[in-house]
Amino acid sequence: CDYCGGRVESRPDDVTDKVATRLDVYRDETSPVLAYYKQLKLLKTVDGSLSPDEVHEKISTALKLSGL
């Protein structure tokens, strides 16, 4: 890694055309679902760059506040 000097690993399908396909699928299939739940005010977001414990806590809190 140019940033931290660590070893860089990639998926076998990390090639331009496959990545483009994954992004197209996200745009066409996932993004509309997010917009739908956001419109209903049911979408909760969590910063996934936090530590695993912090992410877990944020998700748990969001679920508790929503009554789930």
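Modeller: Partly exposed means a relative accessible area between the buried limit, under 20%, and the exposed limit, over 50%. The model discussed here is predicted.

Biologist: Why is Tyr36 called partly exposed?

Modeller: Tyr36 has a relative accessible area of 44%. Buried needs under 20% and exposed over 50%, so Tyr36 falls in between. Tyr37, at 38%, is partly exposed by that reasoning too.

Biologist: What makes the pair of Tyr36 and Tyr37 edge-to-face?

Modeller: A search of the whole structure gives 1 aromatic pair. The ring centres of Tyr36 and Tyr37 are 5.1 Å apart, within the 6.5 Å limit, and their planes stand at 80°, which is over 60, so the pair is edge-to-face.

Biologist: How do you know that Arg11 and Asp13 form a salt bridge?

Modeller: Their closest N and O atoms are 2.9 Å apart, and the cut-off is within 4 Å, so the contact counts. Arg11 is partly exposed at 44%, and Asp13 is partly exposed at 28%. Both belong to a salt-bridge network that also includes Asp14 and Arg22.

Biologist: What makes the contact of Arg27 with Asp28 a salt bridge?

Modeller: The N to O distance is 3.1 Å, which is within 4 Å, so this pair qualifies. Asp28 is partly exposed, at 48%.

Biologist: How do you know that the buried residues of helix 2 are on the same side?

Modeller: Val55, Ser60 and Ala62 are buried in helix 2. They cover an arc of only 165° around the axis, so they lie on the same side. The face turned away from that buried side carries exposed Asp53, Lys64 and Leu65.

Key
Residues numbered from 1 in each chain as written. Predicted model: local features only at pLDDT ≥ 70, side-chain atom pairs only at ≥ 80, totals over all residues. Heavy atoms only, no water. Phe/Tyr/Trp six-rings, centres within 6.5 Å; stacked < 30°, edge-to-face > 60°. Buried < 20%, exposed > 50% of the residue type's maximum accessible area, 1.4 Å probe, protein only. Helix = DSSP H or I, 4+ residues; strand = E, 2+ residues; numbered from the N terminus. Arc of directions from axis to C-beta. Salt bridge = Lys/Arg side-chain N within 4 Å of Asp/Glu carboxyl O.
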